[in-house]
Amino acid sequence: MEIPIPTRQLFIDGEWKPPILSNRIPIINPSTQQVVGDIPAATKEDVDAAVAAARRALNRNKGNDWPSASGAHRARYLRAIAAKVVERKDHLAKLESLDCGKPLDEAAWDMDDVAGCFEFYADLAEKLDAKQKATVSLPMETFKSYVLKEPIGVVGLITPWNYPLLMATWKVAPALAAGCAAILKPSELASVTCLELADICKEVGLPPGVLNILTGLGPDAGAPLASHPDVDKIAFTGSSATGSKVMTAAAQLVKPVSLELGGKSPIIVFEDVDLDKAAEWTLFGCFWTNGQICSATSRLIVHESIAAKFLDTLVKWAKNIKVSDPFEEGCRLGPVVSEGQYEKILKFISNAKSEGATILTGGSRPEHLKNGFFIEPTIITDVTTSMQIWKEEVFGPVLCVKTFSTEEEALDLAHDTIYGLGAAVISNDLERCDRVSKAFKAGIVWINCSQPCFTQAPWGGTKRSGFGRELGEWGLDNYLSVKQVTQYISNDPWGWYQSPSKL
(Lines give C-alpha, C1' and ligand atoms only; values in the text may rest on other atoms or scores of the structure.)
Protein backbone atom coordinates (compact mmCIF):
# COMPACT_ATOMS: atom_id res chain seq x y z
CA MET A 1 0.00 0.00 0.00
CA GLU A 2 1.24 3.45 -0.87
CA ILE A 3 -0.18 6.55 0.74
CA PRO A 4 0.91 10.07 -0.17
CA ILE A 5 3.50 11.58 2.14
CA PRO A 6 2.92 15.29 2.80
CA THR A 7 5.67 17.58 1.59
CA ARG A 8 6.84 19.51 4.64
CA GLN A 9 9.46 22.10 5.47
CA LEU A 10 11.34 22.68 8.71
CA PHE A 11 9.20 23.85 11.63
CA ILE A 12 10.81 26.93 13.19
CA ASP A 13 9.18 29.62 15.32
CA GLY A 14 5.72 28.20 14.69
CA GLU A 15 6.03 28.36 10.89
CA TRP A 16 7.07 26.11 8.01
CA LYS A 17 10.42 27.34 6.71
CA PRO A 18 12.54 25.88 3.91
CA PRO A 19 16.08 24.90 4.88
CA ILE A 20 18.46 27.77 4.29
CA LEU A 21 20.59 25.68 1.90
CA SER A 22 17.44 24.26 0.23
CA ASN A 23 18.61 20.64 0.48
CA ARG A 24 16.26 17.67 0.87
CA ILE A 25 16.71 13.98 1.72
CA PRO A 26 14.84 11.19 -0.12
CA ILE A 27 12.43 8.96 1.81
CA ILE A 28 12.84 5.29 0.86
CA ASN A 29 10.07 2.81 1.62
CA PRO A 30 12.00 -0.12 3.16
CA SER A 31 9.37 -2.59 1.92
CA THR A 32 9.83 -1.69 -1.76
CA GLN A 33 13.16 0.18 -1.84
CA GLN A 34 11.34 2.90 -3.78
CA VAL A 35 11.65 6.65 -3.16
CA VAL A 36 8.25 7.82 -1.89
CA GLY A 37 8.96 11.42 -0.92
CA ASP A 38 11.54 13.64 0.73
CA ILE A 39 12.22 15.65 3.88
CA PRO A 40 14.06 18.95 4.37
CA ALA A 41 17.74 18.76 5.33
CA ALA A 42 18.63 21.22 8.05
CA THR A 43 22.15 22.52 8.60
CA LYS A 44 23.89 24.67 11.22
CA GLU A 45 22.19 27.81 9.89
CA ASP A 46 18.76 26.30 10.52
CA VAL A 47 19.84 25.10 13.97
CA ASP A 48 20.87 28.66 14.83
CA ALA A 49 17.45 29.95 13.72
CA ALA A 50 15.59 27.30 15.73
CA VAL A 51 17.63 27.89 18.88
CA ALA A 52 17.04 31.64 18.60
CA ALA A 53 13.29 31.00 18.20
CA ALA A 54 13.29 28.76 21.29
CA ARG A 55 15.12 31.41 23.31
CA ARG A 56 12.60 34.06 22.24
CA ALA A 57 9.75 31.76 23.28
CA LEU A 58 11.21 31.53 26.78
CA ASN A 59 11.75 35.28 27.09
CA ARG A 60 8.47 36.44 25.55
CA ASN A 61 6.37 38.51 27.96
CA LYS A 62 9.10 38.05 30.60
CA GLY A 63 8.51 34.30 30.52
CA ASN A 64 4.85 34.52 31.43
CA ASP A 65 3.72 33.04 28.12
CA TRP A 66 5.45 29.70 28.71
CA PRO A 67 8.15 28.89 31.32
CA SER A 68 6.59 30.96 34.11
CA ALA A 69 3.00 30.16 33.15
CA SER A 70 1.08 27.70 35.27
CA GLY A 71 1.49 23.98 34.65
CA ALA A 72 -2.25 23.90 33.98
CA HIS A 73 -1.75 26.38 31.12
CA ARG A 74 0.86 24.14 29.48
CA ALA A 75 -1.24 21.04 30.17
CA ARG A 76 -4.03 22.38 27.96
CA TYR A 77 -1.69 22.35 24.96
CA LEU A 78 -0.43 18.84 25.76
CA ARG A 79 -4.00 17.55 25.95
CA ALA A 80 -4.89 19.28 22.69
CA ILE A 81 -1.92 17.58 21.01
CA ALA A 82 -2.99 14.20 22.44
CA ALA A 83 -6.51 14.68 21.09
CA LYS A 84 -5.18 15.46 17.60
CA VAL A 85 -2.95 12.37 17.67
CA VAL A 86 -6.00 10.26 18.48
CA GLU A 87 -7.93 11.97 15.70
CA ARG A 88 -5.15 11.30 13.17
CA LYS A 89 -4.15 7.89 14.55
CA ASP A 90 -4.86 5.81 11.45
CA HIS A 91 -3.06 8.21 9.12
CA LEU A 92 -0.07 8.61 11.43
CA ALA A 93 0.25 4.84 11.82
CA LYS A 94 0.28 4.35 8.05
CA LEU A 95 2.91 7.05 7.58
CA GLU A 96 5.05 5.44 10.28
CA SER A 97 4.82 1.98 8.68
CA LEU A 98 5.63 3.39 5.27
CA ASP A 99 8.58 5.33 6.61
CA CYS A 100 10.34 2.82 8.88
CA GLY A 101 8.87 -0.60 7.99
CA LYS A 102 7.11 -1.21 11.30
CA PRO A 103 4.09 -3.58 11.09
CA LEU A 104 0.93 -1.47 10.90
CA ASP A 105 -0.54 -3.04 14.05
CA GLU A 106 2.57 -2.01 15.99
CA ALA A 107 2.51 1.50 14.55
CA ALA A 108 -1.13 1.92 15.59
CA TRP A 109 -0.23 0.73 19.09
CA ASP A 110 2.58 3.30 19.15
CA MET A 111 0.14 6.11 18.31
CA ASP A 112 -2.01 5.13 21.29
CA ASP A 113 1.12 5.37 23.43
CA VAL A 114 2.00 8.77 21.93
CA ALA A 115 -1.40 10.19 22.91
CA GLY A 116 -1.17 8.56 26.33
CA CYS A 117 2.27 10.04 26.94
CA PHE A 118 1.07 13.59 26.19
CA GLU A 119 -1.89 13.05 28.51
CA PHE A 120 0.34 11.68 31.28
CA TYR A 121 2.66 14.68 31.19
CA ALA A 122 -0.29 17.04 31.05
CA ASP A 123 -1.30 15.56 34.42
CA LEU A 124 2.22 16.02 35.79
CA ALA A 125 2.35 19.60 34.52
CA GLU A 126 -0.76 20.40 36.52
CA LYS A 127 0.61 18.71 39.64
CA LEU A 128 3.88 20.63 39.31
CA ASP A 129 2.21 23.85 40.51
CA ALA A 130 1.29 22.28 43.86
CA LYS A 131 4.84 21.01 44.37
CA GLN A 132 6.45 24.45 44.15
CA LYS A 133 7.93 25.89 47.35
CA ALA A 134 8.20 22.47 48.96
CA THR A 135 9.67 23.12 52.37
CA VAL A 136 13.05 21.83 53.49
CA SER A 137 13.44 20.88 57.12
CA LEU A 138 16.29 22.84 58.71
CA PRO A 139 18.11 22.44 62.04
CA MET A 140 17.95 26.21 62.79
CA GLU A 141 14.65 27.93 63.62
CA THR A 142 15.98 31.29 62.45
CA PHE A 143 15.80 30.15 58.81
CA LYS A 144 13.20 28.69 56.51
CA SER A 145 13.94 27.06 53.18
CA TYR A 146 12.00 25.83 50.20
CA VAL A 147 12.64 24.45 46.73
CA LEU A 148 11.54 25.75 43.34
CA LYS A 149 11.49 23.52 40.28
CA GLU A 150 12.14 25.53 37.14
CA PRO A 151 12.46 24.63 33.46
CA ILE A 152 16.05 23.99 32.51
CA GLY A 153 15.68 26.25 29.45
CA VAL A 154 16.28 25.52 25.76
CA VAL A 155 16.68 21.78 25.20
CA GLY A 156 17.91 19.82 22.20
CA LEU A 157 16.17 16.49 21.66
CA ILE A 158 17.82 13.98 19.32
CA THR A 159 15.76 10.86 18.65
CA PRO A 160 16.03 7.53 16.75
CA TRP A 161 14.21 5.87 13.87
CA ASN A 162 12.87 2.69 15.48
CA TYR A 163 9.97 4.44 17.25
CA PRO A 164 10.01 7.74 15.35
CA LEU A 165 7.08 9.57 16.91
CA LEU A 166 6.96 7.71 20.23
CA MET A 167 10.63 8.26 21.12
CA ALA A 168 10.24 11.91 20.15
CA THR A 169 7.19 12.17 22.42
CA TRP A 170 9.09 10.62 25.34
CA LYS A 171 11.23 13.77 25.22
CA VAL A 172 8.91 16.44 23.82
CA ALA A 173 6.01 15.85 26.23
CA PRO A 174 7.99 16.15 29.50
CA ALA A 175 10.13 18.99 28.14
CA LEU A 176 7.03 21.04 27.32
CA ALA A 177 5.32 20.03 30.57
CA ALA A 178 8.33 21.37 32.47
CA GLY A 179 8.15 24.70 30.64
CA CYS A 180 11.19 24.25 28.40
CA ALA A 181 11.42 25.29 24.77
CA ALA A 182 12.69 22.50 22.53
CA ILE A 183 14.40 21.74 19.25
CA LEU A 184 13.63 18.20 18.09
CA LYS A 185 16.03 16.54 15.64
CA PRO A 186 14.61 13.13 14.62
CA SER A 187 16.60 10.55 12.68
CA GLU A 188 16.91 11.22 8.97
CA LEU A 189 15.91 7.57 8.38
CA ALA A 190 12.39 8.14 9.74
CA SER A 191 11.17 11.69 10.29
CA VAL A 192 7.77 11.82 8.59
CA THR A 193 5.53 11.52 11.66
CA CYS A 194 7.65 14.02 13.59
CA LEU A 195 6.90 16.59 10.89
CA GLU A 196 3.22 15.70 11.28
CA LEU A 197 3.61 16.47 14.99
CA ALA A 198 4.71 19.94 13.91
CA ASP A 199 1.52 20.27 11.89
CA ILE A 200 -0.50 19.25 14.96
CA CYS A 201 1.32 21.81 17.13
CA LYS A 202 0.54 24.49 14.55
CA GLU A 203 -3.12 23.44 14.49
CA VAL A 204 -3.53 23.59 18.28
CA GLY A 205 -1.83 26.99 18.46
CA LEU A 206 1.26 26.05 20.47
CA PRO A 207 3.09 29.35 21.07
CA PRO A 208 5.75 30.06 18.41
CA GLY A 209 9.20 28.71 19.16
CA VAL A 210 8.13 26.43 22.01
CA LEU A 211 8.73 23.38 19.80
CA ASN A 212 10.91 23.52 16.70
CA ILE A 213 11.44 20.46 14.52
CA LEU A 214 14.49 20.07 12.30
CA THR A 215 14.96 17.06 10.04
CA GLY A 216 18.40 16.42 8.63
CA LEU A 217 21.60 14.41 8.82
CA GLY A 218 23.33 13.89 12.15
CA PRO A 219 26.62 15.63 11.28
CA ASP A 220 24.82 18.56 9.64
CA ALA A 221 22.02 19.17 12.16
CA GLY A 222 22.46 16.94 15.22
CA ALA A 223 26.09 17.87 15.86
CA PRO A 224 25.53 21.66 15.71
CA LEU A 225 22.57 21.25 18.06
CA ALA A 226 24.61 19.23 20.59
CA SER A 227 27.41 21.80 20.64
CA HIS A 228 25.28 24.97 20.43
CA PRO A 229 26.25 27.44 23.17
CA ASP A 230 22.66 28.62 23.69
CA VAL A 231 21.19 25.12 24.24
CA ASP A 232 20.95 24.35 27.95
CA LYS A 233 20.60 20.55 27.79
CA ILE A 234 20.75 17.68 25.30
CA ALA A 235 18.64 14.52 25.54
CA PHE A 236 19.73 11.79 23.13
CA THR A 237 18.51 8.32 22.24
CA GLY A 238 20.57 6.28 19.79
CA SER A 239 23.78 4.32 19.43
CA SER A 240 26.47 4.32 22.08
CA ALA A 241 29.04 5.57 19.56
CA THR A 242 26.96 8.62 18.67
CA GLY A 243 26.02 9.14 22.32
CA SER A 244 29.72 9.40 23.16
CA LYS A 245 30.11 12.13 20.53
CA VAL A 246 27.08 14.00 21.88
CA MET A 247 28.48 13.81 25.40
CA THR A 248 31.89 15.04 24.21
CA ALA A 249 30.33 18.02 22.44
CA ALA A 250 28.20 18.91 25.44
CA ALA A 251 31.16 18.58 27.79
CA GLN A 252 32.93 21.51 26.15
CA LEU A 253 30.27 23.80 27.62
CA VAL A 254 29.58 21.70 30.73
CA LYS A 255 26.11 21.15 29.30
CA PRO A 256 23.95 18.46 31.01
CA VAL A 257 22.98 15.45 28.94
CA SER A 258 20.76 12.42 29.36
CA LEU A 259 21.58 9.41 27.22
CA GLU A 260 19.56 6.31 26.33
CA LEU A 261 21.95 4.20 24.29
CA GLY A 262 22.46 0.68 23.06
CA GLY A 263 22.04 -2.70 24.68
CA LYS A 264 22.78 -6.39 24.45
CA SER A 265 20.23 -7.54 26.96
CA PRO A 266 19.97 -11.08 28.36
CA ILE A 267 16.91 -13.26 28.88
CA ILE A 268 17.43 -16.18 31.27
CA VAL A 269 15.04 -19.12 30.86
CA PHE A 270 15.04 -21.65 33.70
CA GLU A 271 14.07 -25.31 33.49
CA ASP A 272 10.64 -25.02 35.16
CA VAL A 273 8.88 -22.96 32.47
CA ASP A 274 5.98 -23.63 30.15
CA LEU A 275 7.88 -23.97 26.88
CA ASP A 276 5.32 -22.28 24.65
CA LYS A 277 4.75 -19.29 26.93
CA ALA A 278 8.50 -18.84 27.39
CA ALA A 279 9.10 -19.20 23.64
CA GLU A 280 6.61 -16.49 22.74
CA TRP A 281 8.08 -14.00 25.21
CA THR A 282 11.61 -14.87 24.10
CA LEU A 283 10.75 -14.17 20.47
CA PHE A 284 8.73 -11.05 21.29
CA GLY A 285 11.66 -9.77 23.35
CA CYS A 286 13.96 -9.94 20.34
CA PHE A 287 11.79 -9.69 17.20
CA TRP A 288 9.27 -6.99 18.22
CA THR A 289 9.73 -3.82 16.13
CA ASN A 290 11.56 -5.91 13.53
CA GLY A 291 14.28 -6.62 16.09
CA GLN A 292 15.24 -2.95 16.11
CA ILE A 293 14.97 -2.26 19.84
CA CYS A 294 17.78 -0.95 22.03
CA SER A 295 16.41 -3.03 24.91
CA ALA A 296 15.99 -6.23 22.85
CA THR A 297 16.70 -9.34 24.93
CA SER A 298 18.85 -10.69 22.12
CA ARG A 299 21.00 -13.01 24.24
CA LEU A 300 19.05 -16.11 25.27
CA ILE A 301 20.57 -17.96 28.24
CA VAL A 302 18.65 -21.22 28.63
CA HIS A 303 19.03 -24.05 31.14
CA GLU A 304 20.89 -26.97 29.60
CA SER A 305 18.29 -29.52 30.70
CA ILE A 306 15.58 -28.00 28.48
CA ALA A 307 17.76 -26.42 25.79
CA ALA A 308 17.07 -28.95 23.03
CA LYS A 309 13.29 -28.95 23.55
CA PHE A 310 13.14 -25.21 24.03
CA LEU A 311 15.11 -24.47 20.86
CA ASP A 312 12.89 -26.85 18.91
CA THR A 313 9.85 -24.95 20.26
CA LEU A 314 11.46 -21.59 19.42
CA VAL A 315 12.12 -22.62 15.82
CA LYS A 316 8.50 -23.72 15.36
CA TRP A 317 7.25 -20.39 16.74
CA ALA A 318 9.76 -18.40 14.67
CA LYS A 319 8.75 -20.13 11.44
CA ASN A 320 5.14 -19.21 12.19
CA ILE A 321 5.89 -15.45 12.34
CA LYS A 322 4.38 -13.68 9.34
CA VAL A 323 7.10 -11.73 7.52
CA SER A 324 5.51 -9.40 5.00
CA ASP A 325 4.81 -5.88 3.85
CA PRO A 326 3.82 -3.99 7.03
CA PHE A 327 0.38 -3.21 5.57
CA GLU A 328 -0.56 -6.87 5.10
CA GLU A 329 -3.01 -8.14 7.68
CA GLY A 330 -1.30 -10.17 10.38
CA CYS A 331 2.21 -8.90 9.61
CA ARG A 332 4.44 -9.45 12.62
CA LEU A 333 7.86 -8.75 11.08
CA GLY A 334 8.44 -6.08 8.46
CA PRO A 335 11.63 -4.88 6.77
CA VAL A 336 14.50 -3.28 8.64
CA VAL A 337 14.74 0.45 8.16
CA SER A 338 17.39 0.91 5.46
CA GLU A 339 19.79 -0.76 3.07
CA GLY A 340 22.71 0.12 5.35
CA GLN A 341 21.03 -1.55 8.32
CA TYR A 342 20.08 -4.56 6.16
CA GLU A 343 23.67 -5.11 5.02
CA LYS A 344 25.00 -4.62 8.56
CA ILE A 345 22.69 -7.29 9.99
CA LEU A 346 23.53 -9.81 7.25
CA LYS A 347 27.22 -9.16 7.95
CA PHE A 348 26.67 -9.97 11.65
CA ILE A 349 25.04 -13.27 10.65
CA SER A 350 27.80 -14.09 8.18
CA ASN A 351 30.50 -13.33 10.76
CA ALA A 352 28.78 -15.54 13.33
CA LYS A 353 28.76 -18.42 10.88
CA SER A 354 32.43 -17.91 9.96
CA GLU A 355 33.35 -17.85 13.68
CA GLY A 356 31.78 -21.29 14.12
CA ALA A 357 28.24 -20.54 15.26
CA THR A 358 25.23 -22.40 13.84
CA ILE A 359 22.36 -20.62 12.10
CA LEU A 360 19.54 -22.68 13.57
CA THR A 361 16.82 -20.91 11.59
CA GLY A 362 16.55 -17.85 9.38
CA GLY A 363 19.62 -15.87 8.45
CA SER A 364 18.63 -14.55 5.05
CA ARG A 365 15.92 -12.91 2.96
CA PRO A 366 12.55 -14.74 3.00
CA GLU A 367 12.09 -16.56 -0.30
CA HIS A 368 8.66 -15.01 -0.99
CA LEU A 369 9.93 -11.42 -0.73
CA LYS A 370 12.11 -10.37 -3.66
CA ASN A 371 12.36 -6.67 -2.80
CA GLY A 372 12.68 -4.70 0.41
CA PHE A 373 15.02 -4.95 3.38
CA PHE A 374 13.51 -8.13 4.82
CA ILE A 375 15.42 -10.58 7.03
CA GLU A 376 13.94 -13.80 8.42
CA PRO A 377 13.73 -14.14 12.19
CA THR A 378 17.11 -15.65 12.97
CA ILE A 379 18.27 -17.87 15.84
CA ILE A 380 21.99 -18.60 16.26
CA THR A 381 23.39 -21.38 18.48
CA ASP A 382 26.84 -22.77 19.33
CA VAL A 383 27.81 -19.26 20.35
CA THR A 384 30.90 -18.51 22.44
CA THR A 385 31.38 -15.42 24.59
CA SER A 386 34.26 -14.25 22.39
CA MET A 387 32.08 -13.99 19.27
CA GLN A 388 30.95 -10.68 17.81
CA ILE A 389 27.32 -11.86 17.81
CA TRP A 390 27.47 -12.28 21.61
CA LYS A 391 29.17 -8.98 22.33
CA GLU A 392 27.83 -6.38 19.88
CA GLU A 393 24.36 -4.94 19.34
CA VAL A 394 22.87 -6.17 16.05
CA PHE A 395 19.68 -4.07 16.03
CA GLY A 396 17.84 -6.59 13.91
CA PRO A 397 15.80 -9.83 14.23
CA VAL A 398 18.70 -11.97 15.46
CA LEU A 399 18.73 -14.02 18.67
CA CYS A 400 21.91 -15.73 19.92
CA VAL A 401 21.83 -18.60 22.40
CA LYS A 402 23.97 -20.05 25.19
CA THR A 403 23.15 -22.68 27.81
CA PHE A 404 23.85 -22.72 31.56
CA SER A 405 23.76 -25.25 34.40
CA THR A 406 23.57 -23.09 37.55
CA GLU A 407 21.96 -19.81 38.51
CA GLU A 408 25.39 -18.34 39.22
CA GLU A 409 26.61 -19.30 35.74
CA ALA A 410 23.49 -17.76 34.17
CA LEU A 411 24.13 -14.46 35.94
CA ASP A 412 27.79 -14.48 34.94
CA LEU A 413 26.72 -14.86 31.31
CA ALA A 414 24.05 -12.17 31.70
CA HIS A 415 26.63 -9.72 33.03
CA ASP A 416 29.15 -10.49 30.28
CA THR A 417 28.41 -7.25 28.42
CA ILE A 418 29.44 -3.60 28.37
CA TYR A 419 25.73 -2.67 28.32
CA GLY A 420 23.11 -2.53 31.03
CA LEU A 421 19.76 -1.48 29.61
CA GLY A 422 17.36 -4.41 30.02
CA ALA A 423 17.30 -7.97 31.36
CA ALA A 424 14.62 -10.65 31.67
CA VAL A 425 14.11 -13.81 33.69
CA ILE A 426 11.52 -16.51 33.03
CA SER A 427 10.76 -19.04 35.75
CA ASN A 428 7.82 -20.31 37.79
CA ASP A 429 9.92 -19.94 40.94
CA LEU A 430 9.08 -16.36 41.96
CA GLU A 431 11.63 -16.31 44.78
CA ARG A 432 14.29 -17.12 42.22
CA CYS A 433 12.94 -14.44 39.89
CA ASP A 434 13.18 -11.91 42.71
CA ARG A 435 16.73 -13.00 43.52
CA VAL A 436 17.85 -12.79 39.89
CA SER A 437 16.12 -9.43 39.38
CA LYS A 438 18.09 -7.94 42.26
CA ALA A 439 21.31 -9.40 40.88
CA PHE A 440 20.85 -8.10 37.34
CA LYS A 441 23.05 -5.10 36.43
CA ALA A 442 20.47 -3.31 34.31
CA GLY A 443 18.11 -0.37 34.46
CA ILE A 444 15.03 -2.35 33.41
CA VAL A 445 14.12 -5.89 34.48
CA TRP A 446 11.26 -8.05 33.23
CA ILE A 447 9.94 -11.11 35.07
CA ASN A 448 8.13 -13.73 32.95
CA CYS A 449 7.90 -11.30 30.02
CA SER A 450 10.12 -9.07 27.89
CA GLN A 451 9.73 -5.53 26.49
CA PRO A 452 6.47 -4.23 27.97
CA CYS A 453 6.91 -0.52 28.63
CA PHE A 454 4.59 1.87 30.43
CA THR A 455 4.65 5.66 30.47
CA GLN A 456 4.33 5.63 34.26
CA ALA A 457 7.52 3.59 34.90
CA PRO A 458 11.15 4.78 34.56
CA TRP A 459 13.17 3.80 31.50
CA GLY A 460 16.95 3.89 31.15
CA GLY A 461 20.15 1.97 31.61
CA THR A 462 23.52 1.58 33.28
CA LYS A 463 27.08 1.14 32.03
CA ARG A 464 27.37 1.98 28.31
CA SER A 465 23.61 1.96 27.90
CA GLY A 466 23.66 5.53 29.20
CA PHE A 467 22.33 7.39 32.21
CA GLY A 468 19.30 9.36 33.25
CA ARG A 469 15.73 8.07 33.19
CA GLU A 470 12.85 8.80 30.85
CA LEU A 471 9.13 8.32 31.47
CA GLY A 472 7.23 8.60 34.72
CA GLU A 473 8.03 11.47 37.08
CA TRP A 474 11.71 10.81 36.33
CA GLY A 475 11.12 11.94 32.75
CA LEU A 476 9.82 15.31 33.92
CA ASP A 477 12.77 15.75 36.30
CA ASN A 478 15.07 15.54 33.25
CA TYR A 479 13.89 18.99 32.19
CA LEU A 480 13.70 20.74 35.56
CA SER A 481 16.38 22.48 37.56
CA VAL A 482 16.12 22.70 41.34
CA LYS A 483 16.54 26.07 43.07
CA GLN A 484 17.01 26.34 46.81
CA VAL A 485 15.56 29.48 48.43
CA THR A 486 16.54 30.14 52.05
CA GLN A 487 15.26 33.06 54.15
CA TYR A 488 16.46 34.45 57.48
CA ILE A 489 13.31 35.00 59.52
CA SER A 490 14.62 36.19 62.91
CA ASN A 491 14.21 39.81 64.04
CA ASP A 492 17.59 39.60 65.75
CA PRO A 493 20.79 40.65 64.00
CA TRP A 494 22.97 37.79 62.76
CA GLY A 495 25.70 38.79 65.19
CA TRP A 496 28.71 37.16 63.56
CA TYR A 497 30.64 40.43 63.25
CA GLN A 498 30.89 43.07 65.94
CA SER A 499 28.66 46.04 65.15
CA PRO A 500 30.59 49.29 64.46
CA SER A 501 28.02 51.19 66.56
CA LYS A 502 29.13 49.27 69.63
CA LEU A 503 32.81 49.93 69.26
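The expected span of a helix is 1.5 Å times one less than its number of residues. I start there because helix H2 can be checked against that rule: with 17 residues at 1.5 Å a residue, H2 should span 24 Å, and its end C-alpha atoms are 24 Å apart, which agrees. What we are looking at is a predicted model.

Staying with H2, which covers residues 71-87. Its buried residues are Gly71, Arg74, Ala75, Tyr77, Leu78, Ile81, Ala82, Lys84 and Val85. An α-helix has 3.6 residues a turn, so residues three or four places apart point the same way. What do the buried residues of H2 pack against? The partners are four helices: H3 (89-100), H4, H5 (164-178) and H6 (192-204).

Now the chain as a whole. It has 15 helices and 22 strands. The radius of gyration is 25 Å, close to the 23 Å from the globule rule for 503 residues, so the chain is as compact as a globular protein of that length. Along its principal axes, the C-alpha trace spans about 90 × 55 × 40 Å. Buried residues account for 55% of the 503. Of the contacts between residues at least 6 apart in sequence, 72% join residues at least 24 apart.

Next, two backbone details. Most residues other than glycine have a negative phi. Asparagine 61 has a positive phi, near 55°. Asparagine 61 sits in the loop between helix H1 (44-59) and helix H2, and its relative accessibility of 47% makes it partly exposed. Lysine 133 is also not a glycine, and its phi is positive at about 60°. That lysine lies in the loop between helix H4 (104-131) and strand E5 (134-136).

Last, glutamate 15. It is found in strand E2, residues 15-17.

Definitions and conventions:
Residues are numbered from 1 along each chain as its sequence is written. This is a predicted model: local features need pLDDT of at least 70, side-chain atom pairs count only at pLDDT 80 or more; totals for chains, interfaces and linings use all residues. Side-chain values use heavy atoms; hydrogens and water are left out. Helices (H or I, at least four residues) and strands (E, at least two) are DSSP runs, numbered from the N terminus. The radius of gyration is taken over C-alpha atoms; the globule rule is 2.2 Å times the number of residues to the power 0.38. Buried means under 20% relative accessible area, exposed over 50%, partly exposed in between (1.4 Å probe, protein chains only). Contact means heavy atoms within 4.5 Å.
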